[in-house]
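Some notes on this model follow. Please read them with the structure open.

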Amino acid sequence: MAEQYVTAFAVDAALLLRLPGSGGPGLPGVPRSAALTELLSGRLRADADSRYTALLPTLAGTLGTPLGEAVLTGRHWDELTDVFRTLRLPALTTLWSRRWPWPDGATDDWPWPYPTLTPQASLPAVLADLTALSPDTLPAHPTANLDDEDLEEAAWFLTQHLPTWASHAQAQSLDLLLLRDGAR
């Protein structure tokens with residue numbers, strides 16, 4: 001069965017955005033790789049966004065604070081955007097659907113892992129949406145590929161993990177970076 005791993009970090013997005021072209025032979029705590037060398041030198045390969053987003057778990061874990069990980073079984077978790085939109089939860093819709101273009105200027109619509117970033121200033125709205133969300137309402141809004149059981153699992157994720165991660169990022173005055181990865 002397919003799974004999607006959602007990993008959360010409290011990060012300073014501006015720091016991560018300054019990494020490309022920042023120079024230097026490497027970063028403490030980050031294993032050397034050709035992709036890291038390209039990133040730090042600023043000589044990025046065109047159409048190779050996933051090559052660099054693959055560095056984000058290590059970079060965010062080293063330069064930010066790991067907040068946790070959850071595993072969602074199945075596929076099509078991107079369809080939660082439609083559920084959030086139907087339930088009129090705009091901050092969750094934005095959090096789940098807006099890809100963070102990292103490195104700056106990245107153009108791939110589906111890099112892997114798939115990064116989403118919620119700026120620190122938007123975290124109160126995310127927490128308000130999470131508070132307004134009634135987990136019992138999710139199964140009543142199936143999508144083409146997410147059934148009742150999937151949405152019950154989503155409710156678990158949205159009540160047990162995401163509020164804690166958003167609260168911790170907010171308490172640290174940092175941005176919330178989520179990485180969705182199904183390729184492990």
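1. The structure holds three salt bridges; a salt bridge here is a side-chain nitrogen of Lys or Arg within 4 Å of a carboxyl oxygen of Asp or Glu. This is a predicted model: local features need pLDDT of at least 70, side-chain atom pairs count only at pLDDT 80 or more, and totals for chains, interfaces and linings use all residues. Residues are numbered from 1 along each chain as its sequence is written, and side-chain values use heavy atoms, with hydrogens and water left out.

2. Glutamate 38 takes part in a salt bridge with arginine 45 (3.2 Å, N to O). Arginine 51 also forms one with glutamate 38, at 2.9 Å between the closest N and O atoms. Arginine 51 lies in helix H3 (residues 49-53) and glutamate 38 in helix H2, so this pair ties together parts 13 residues apart in sequence. Helices are DSSP runs (H or I, at least four residues) and strands likewise (E, at least two), numbered from the N terminus.

3. Glutamate 38 is buried, at 13% relative accessibility. Arginine 45 is partly exposed at 47%. Buried means under 20% relative accessible area, exposed over 50%, and partly exposed in between (1.4 Å probe, protein chains only).

4. Aspartate 82 and arginine 85 form a salt bridge, with closest N and O atoms 3.2 Å apart. They sit three residues apart in helix H5 (residues 80-86), separated by about one helical turn.

5. Which residue is 8.4 Å from leucine 19 in space, C-alpha to C-alpha? That is proline 103, 84 residues away in sequence. Leucine 19 is buried, with 6% relative accessibility.
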